[in-house]
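Me: I want to go through the labels attached to this model and ask what each of them rests on. Please set the values against the cut-offs.

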Amino acid sequence: MQQVSFILNGDHVEAWVAGHEMLLDVLRKNFGLTGAKEGCGMGECGACTVIVDGLSIDSCLFPVMEVDGRRVETVEGLTSSGGVMHPVQQAFLEHGASQCGFCTPGMVMSAKAFIDDQQQSGEKATEEVIKHEMAGNLCRCTGYYQIIEAVKSLIDE
Ligand code: FES
Ligand code: FES
């Protein structure tokens, strides 16, 4: 076993892990953070998406030792302690962008990384760019229209 330490949703955390473990499994088993889901386990569906140092990644394929000393954000870290939803979550709610909800944590984290990046760059993405950026997250329920509208509403603010 090896020790890994990193910032998780703003808190410094440590865990003893097997070197081959993936971040998704450690988040779920060691920290009880079950928002990120295992859909395919092969980097194809995006249900496991979390943010590492500002970039969205597939945690099912991300070796946990690679987050040592880095900053990890999961969907659980988005809601304030007072229960107020993050603007991305609020936009998904208002646009009906979630049905069964399985893909939603990953969608929300991909959208957050994208919106943060947009805000930093000062650029205003087109709908095509939004679709391209969200293409790594699959949804079998919504048909994507509501999800793209939710992300667009955040860009248009
Ligand atoms: S579970 Fe990680 S991409 Fe599908
Ligand atoms: S809401 Fe069901 S998979 Fe996206």
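Predicted model: local features only at pLDDT ≥ 70, side-chain atom pairs only at ≥ 80, totals over all residues.

Me: Why is glutamate 21 called buried?

Reply: The relative accessible area of glutamate 21 is 14%. Buried means under 20%, so glutamate 21 is classed as buried.

Me: Why is lysine 29 called exposed?

Reply: Lysine 29 has a relative accessible area of 62%. The label exposed requires over 50%, so lysine 29 qualifies.

Me: What makes glutamate 21 and lysine 29 a salt bridge?

Reply: Their closest N and O atoms are 4.0 Å apart. The rule asks for a side-chain nitrogen of Lys or Arg within 4 Å of a carboxyl oxygen of Asp or Glu, and the pair is counted as a salt bridge. By this rule the count comes to 8 salt bridges.

Me: How do you know that aspartate 53 and arginine 70 form a salt bridge, and where in the chain do they sit?

Reply: The N to O distance between their side chains is 3.1 Å, against a limit of 4 Å. The pair links distant parts of the chain, 17 residues apart: aspartate 53 is in the loop between strand 3 (49-52) and strand 4, and arginine 70 is in the loop between strand 4 and strand 5.

Me: What makes lysine 112 and glutamate 73 a salt bridge, and are they buried or exposed?

Reply: Their side chains meet at 3.0 Å, N to O, and the limit is 4 Å. Lysine 112 is in helix 3 and glutamate 73 in strand 5, 39 residues apart. Both residues are buried. Salt bridges that share partners join Arg71, Glu73, Lys112 and Asp116 into one network.

Me: Why is the largest pocket said to lie between domain 1 and domain 2?

Reply: Domain 1 (2-77) and domain 2 (87-155) both give residues to its lining, so the largest pocket lies between them. Its volume is about 290 Å³, and 17 residues line it. Helix 3 gives the most, with 7 residues. The lining divides into 5 nonpolar, 6 polar and 6 charged residues.

Note on methods: Residues numbered from 1 in each chain as written. Chains lettered and ligands numbered in written order. Heavy atoms only, no water. 1 Å grid on protein atoms, 1.4 Å probe; cavity = no way out; pocket = protein on both sides within 12 Å on 5 of 7 lines; lining within 4 Å. Points joined across faces, edges and corners; volume = space filled by probe spheres on them. Helix = DSSP H or I, 4+ residues; strand = E, 2+ residues; numbered from the N terminus. Nonpolar A, V, L, I, M, F, W, Y, C, P; charged D, E, K, R; others polar. Domains from an automatic or database assignment. Buried < 20%, exposed > 50% of the residue type's maximum accessible area, 1.4 Å probe, protein only.
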